[in-house]
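Biologist: Please show me the model. Then we can go through its domains and its ligand.

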Amino acid sequence: MTKVLVATVKPFAPAAVEQIENICKNAGYEFALLEKYGDQSELISAVKDTDALIVRSDKIDKSVINAADKLKIVVRAGAGYDNVDLQAATAKDVVVMNTPGQNSNAVAELALGMMVFQARNQFDGKAGTELRGKKLGIHAFGNVGRYVANIARGFGMIVYAFDPFIAKDDIENEGVKAIDSIEELYEQCQYISLHIPANEKTKKSINYNLLQSMPENAVLVNTARKEVIDEDGLLETFEKRSDFQYLSDIAPDCAEEIGSKFEGRYFFTPKKMGAQTAEANINAGIAAANQIRDFLEEGNTQFKVN
Ligand code: 3PG
């Protein structure tokens, strides 16, 4: 019997698990659940007899893939698949997919929520500022970037975007000003919202030069990945600019130093929670289960990333 394992350190909402299980059972598959595991060895032993795996940010490295003799497909229920070793998967003929767009609205709402929180001095009761009329630069105009643009326009922000992979017309059709270079985006916009993936090109790419060029009262919002930030440059920006603020969905490695020196100018979620809504979990979970069934039954590889 085909076995589907949902392995998530950070569990899905119960309604999402229930719906994934239904899809699997209706397809005649065995369903298994491994949640909140503490050690990678638990995952390694759970995947041994698994045909298909649904994960979130769980680390699917070579040791996991090599331990799973029957594994045919891994679906990362979400957007970023930097947690999956694509080379190791490809070497063992394992298909890797993501579920693009399914949790994007949740991430976008968090980005705007953090902006409001910071603009109002983290709700300390003192007079803050408004988002209306402020310039927001969206760095990468994919699924999340588009949702951020729409919500931000509702707030009355003036929205700019830079994305070298998307035609300028497609950006401007959404009521957003398309910008030609990263440098110009950072120079123009008081708020920057990051939506780039973490890969060899983007890691540490958000550096001091970009951050120091931002206008007065600069706010960098990171709901992407902590790895895209050059943390030395981040610390230098904090030191040299008393107006600079950083909001991030997951703390940087230098969180302690920032916390001890720059009170009120940062906010970090305790764990990555951009996609932590019932709706996002249900959308991404259902998509993942359907993609597994469509791949195993019909060979559909529409969302393959390796
Ligand atoms: C994603 O890449 O889809 C988001 O960062 C959400 O990740 P998560 O499923 O680990 O919350």
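Modeller: The protein chain splits into domain 1 (3–102 + 277–298) and domain 2 (104–268), with bounds from an automatic or database domain assignment. This is a predicted model, where local features need pLDDT of at least 70, side-chain atom pairs count only at pLDDT 80 or more, and totals for chains, interfaces and linings use all residues. Residues are numbered from 1 along each chain as its sequence is written, and side-chain values use heavy atoms, without hydrogens and water.

Biologist: How far apart do the C-alpha centres of domain 1 and domain 2 lie?

Modeller: The domains do touch: eight residues of domain 1 contact five of domain 2, with contact meaning heavy atoms within 4.5 Å. Their C-alpha centres lie apart by 31 Å.

Biologist: Which three residues supply 68% of the area that domain 1 buries against domain 2?

Modeller: Buried area is the accessible area (1.4 Å probe) that two parts lose on being put together, summed over both. Domain 1 and domain 2 bury about 480 Å² between them, 43% of it on carbon and sulfur atoms. On the domain 1 side, 68% comes from a trio that supplies more than any other three residues: Asp82, Gly101 and Thr277.

Biologist: Which side chains meet in a salt bridge?

Modeller: The rule asks for a side-chain nitrogen of Lys or Arg within 4 Å of a carboxyl oxygen of Asp or Glu. Across the interface of domain 1 and domain 2 it finds one. At 3.2 Å, N to O, the partners are Asp82 and Arg225.

Biologist: How much of the ligand's area does the protein bury?

Modeller: Residues count as around the ligand if a heavy atom lies within 4 Å of it; they include Lys10, Ser57, Asn103 and Arg225. Ligand oxygen atoms lie 2.9 Å from a side-chain N or O atom of Arg56, 3.0 Å from a polar side-chain atom of Arg76 and 2.6 Å from a side-chain N or O atom of Lys272. Accessible areas come from the Shrake-Rupley method with a 1.4 Å probe; for residues, only the protein chains shown count as cover. Alone, the ligand exposes 320 Å², and the protein buries 95% of that.

Methods:
Polar contact = N/O pair within 3.5 Å; in protein donor to acceptor, adjacent residues only side chain to side chain.
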